[in-house]
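I opened the notebook to jot down what I looked up, one topic at a time.

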Amino acid sequence: GQFEGTALRGEWEMQFLSLLKLLCTSDRLPQDLRDEFFTKVERLFMAGLRSSSPQSREEFFSMYHTHVPPTLYDRFHFVFMAQDWEAMASQFWLKQALDLILSILKDEERIMLAPNSAQIPPLIAGTRQNVFNPSAQQQQRQQPPPTPAPAAPAAAAGAAAAAAAAAAGAPVPGQGPPHGAPPGMPPGAPPGVPPGAALGVPLGAALGVPQVAPLSGVPVMKAEPGTEDGAAMDVKVEDFKTEDGAFKDEPMADAGGAGVSMKVPARGRFPVGDQVLDMLTRHAEFLSTAGGLRVSDMMGALREYATVDPGVAHHLWVLVFPIVWATLEKPQQIHLAKPIITLLSKEYHQRQAMVRPNVVQALLEGISLSQPQPKIPPELIKYLGKTFNAWNIAIPLLESHVVIFPDETRCLDSLLDLYRGVAEDDVMYGLWRRRCHSDLTRTCLTLVQAGQWERGEDLLGEAVRQGQVGAIQAGRGENALWVEQWLNASRQLGRWDTLMEYARATENHEIGVDCLWRLSDWPTLKDTLHNKAQVEEGVSTLMTRAYLALQEGDVNSGDMRTAQAMDAALRKWWQLPSVGCTPQLPLLQVFQQLVELKESVRIMYDLANGNRVTNHPFRLTSTVVEISLRGSTRV
């Protein structure tokens with residue numbers, strides 16, 4: 001059964017991958033032969049990365065990690081140029097590309113918060129949060145190495161200078177903080193005082209949070225030697241507890257700042273309950289655990305989660321790509337721009353056209369958020385936006401290109417086509433008003449936008465005639481706009497005879513087919529559909545073929561054409577944006593016509609069955625089909 005087939009396939013896959021791994025990594029084979037097996041077998045079919053076993057994927061990924069140099073540019077070069085992803089075209093293969101980039105992170109670094117992260121004041125006074133501080137990190141890198149100890153005469157001179165400085169109350173040059181003092185404390189500062197307070201700066205002010213009075217008996221985070229403000233700190237609760245779990249006695253500073261030893265138990269010195277102190281203890285233990293996490297603790301699980309969830313991989317790629325792109329040098333960005341365009345133009349992306357999210361959406365969104373953006377041809381952006389449901393990415397991307405290149409007609413034409421696809425008529429008319437050169441065009445657009453179809457049709461027809469004789473100086477795009485809007489106005493007014501004359505004069509068979517079935521000229525329609533190969537097989541043409549088949553009494557062909565039209569309409573619906581309803585309105589009308597066609601097919605079947613029975617009620621209603629077809633043509 002199905003289970004046996006699945007088990008056999010899994011066993012075959014395991015044996016094949018084991019053999020392939022042996023050929024790629026065995027020490028008994030020469031290195032050249034192992035590299036050839038890896039390049040011509042694994043990189044071509046990517047069987048290891050497509051494995052259902054996480055262990056197998058990790059083993060084969062280590063081969064890719066070894067063969068690709070561990071630099072960001074080399075990883076991008078491999079993803080966009082060197083590797084052919086056709087074998088994984090039906091999957092969201094960017095998760096493997098993301099693994100190649102995330103695998104070269106510094107895994108032993110602590111997890112740090114961004115400087116603009118949302119933070120609240122610490123619950124325990126003196127707690128430092130893991131916030132990345134670029135200036136402190138830079139100062140730590142630029143700190144010179146310690147100088148060796150001077151000779152005896154220099155030491156004597158240094159001792160004299162130290163004595164003079166101590167007499168003046170100034171810090172002793174070259175003398176570090178006393179033993180056990182925190183880093184950054186000047187010499188002579190009393191023990192137990194934070195570094196910021198010793199320098200005259202409150203610790204809370206240095207951290208950007210209100211200063212909170214410390215609670216004695218509550219564990220406080222200690223700074224590690226060599227850390228700066230804002231760096232990670234460890235909380236060692238065990239240092240403040242006895243063997244039975246109670247808090248140790250500790251000296252408490254009085255108002256004057258002197259350390260006075262108070263041998264009173266911690267729980268007895270504060271009017272708080274045991275539950276509060278236990279809560280603070282658990283909180284300090286949590287801070288100790290969370291503050292000790294490394295990058296490897298989070299990225300390993302996150303990378304594996306992205307492997308099984310394309311949504312996570314999509315968001316990670318959109319987040320990582322602009323960051324990595326900004327770190328590349330300008331020559332490297334220029335060198336990668338053309339491979340990115342070539343990758344976006346690959347035909348195998350069509351396998352993911354109906355998948356959400358898909359690779360094209362992630363690539364386009366990452367490019368739209370990067371600075372500087374690689375220049376992608378506007379026609380390619382338009383095609384990708386319409387085909388892969390990337391309208392919300394392609395439109396802003398082209399809008400930014402129009403702002404940068406206002407005189408480039410290719411960007412304007414592509415942007416107008418996308419506006420038309422999502423039924424953004426007002427935005428399209430506004431862009432045309434800024435682009436057009438004739439005042440007549442602005443007047444026509446105003447009439448059409450206001451719904452004045454008759455006046456708009458007359459004025460647009462006049463504009464088309466004047467443009468043909470050269471009375472109005474306008475570009476090719478503006479002339480096409482006049483014809484397009486005149487056809488739209490004629491459709492709105494139902495002037496199919498006029499449109500049919502235009503279709504015959506211009507040999508526009510698509511408009512002719514649309515007019516013929518509405519005019520019920522079935523012989524001419526049949527001749528046009530059967531003899532004219534220029535007609536595109538879209539939703540409208542398939543519906544027309546279904547009408548023609550039912551008119552001729554071919555019920556099976558009519559049902560088949562109706563099913564094909566329904567499938568094409570659903571595909572077109574799936575390619576539209578998920579937000580909003582205006583782009584879907586024309587398709588809703590198409591679905592209503594398809595429902596009526598299905599009803600006509602059902603009636604035709606019932607009539608065919610009724611003709612076999614004498615005195616069947618359907619024999620007296622032979623005109624139902626003609627009435628149904630006429631009703632459908634009037635929708």
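This is a predicted model: local features need pLDDT of at least 70, side-chain atom pairs count only at pLDDT 80 or more; totals for chains, interfaces and linings use all residues.

**Nonpolar core**

I started with the largest nonpolar core, which has 118 residues. A nonpolar core here is a set of buried Ala, Val, Leu, Ile, Met, Phe, Trp, Tyr and Cys residues joined through side-chain atoms within 4.5 Å. Buried means under 20% relative accessible area, exposed means over 50%, and partly exposed is in between (1.4 Å probe, protein chains only). The members that touch the most other members are Phe76, Phe80, Leu94, Trp317 and Leu344. Helix 12 (residues 310–327) gives this core its largest share, 8 residues. Helices (H or I, at least four residues) and strands (E, at least two) are DSSP runs, numbered from the N terminus.

I then picked Leu344 and listed its contacts, where contact means heavy atoms within 4.5 Å. Leaving out residues up to four places away in sequence, Leu344 touches His349, Leu363, Leu364, Ile367, Ile376, Leu380 and Leu384.

**What I am looking at**

Residues are numbered from 1 along each chain as its sequence is written, and side-chain values use heavy atoms, with hydrogens and water left out.

The protein has 28 helices and 2 strands. Of its 635 residues, 36% count as buried. Among contacts with a separation of 6 or more, 59% are between residues 24 or more positions apart.

**Aromatic rings**

Next I checked rings. Rings of Phe, Tyr and Trp (its six-membered ring) pair if their centres lie within 6.5 Å; planes under 30 degrees apart count as stacked, over 60 as edge-to-face and the rest as tilted. That rule gives 14 aromatic pairs. I looked at Trp517 and Tyr547: their ring centres are 4.7 Å apart and the planes are at 15 degrees, so this pair is stacked. The two sit in distant parts of the chain, 30 residues apart, with Trp517 in helix 23 (residues 509–518) and Tyr547 in helix 25 (residues 539–551). Are they buried or exposed? Trp517 is buried at 3% relative accessible area, and Tyr547 is buried at 0%.

I also found one aromatic cluster formed by Phe76, Phe80, Trp317, Phe321 and Trp325.

One ring has a charge over it: the charged end of Lys375 sits over the ring of Phe405, 5.0 Å from its centre. The rule for this is NZ of Lys or CZ of Arg within 6 Å of the ring centre and within 35 degrees of the ring normal.

**Helix packing**

Two packed helices are described by the angle between their axes and the distance between the axes. Axes are lines fitted to C-alpha atoms, for helices over the stretch in contact, and angles run from 0 to 180 degrees between N-to-C directions. Angles under 35 degrees count as roughly parallel, over 145 as roughly antiparallel, 65 to 115 as roughly perpendicular and the rest as oblique.

Phe321, Trp325 and Ala326 of helix 12 make the contact with Gln333, Leu336 and Ile340 of helix 13.

Then I took helix 15 (residues 378–387) and helix 17 (residues 409–421), which pack at about 10 degrees with axes 8 Å apart. That makes the pair roughly parallel. On the helix 15 side I noted Pro378, Glu379, Lys382 and Lys386, and on the helix 17 side Arg410, Cys411, Ser414, Asp417 and Leu418.

Which peptide bonds did I write down as cis? The bond from Arg356 to Pro357 is cis, with omega near -10 degrees, and the bond from Gln371 to Pro372 is cis, with omega near -5 degrees. Pro357 lies in the loop between helix 13 and helix 14 (359–368), and Pro372 in the loop between helix 14 and helix 15.

Met46 is not a glycine, yet it has a positive phi of about 50 degrees. Met46 is in the loop between helix 2 and helix 3, and at 0% relative accessibility it counts as buried.
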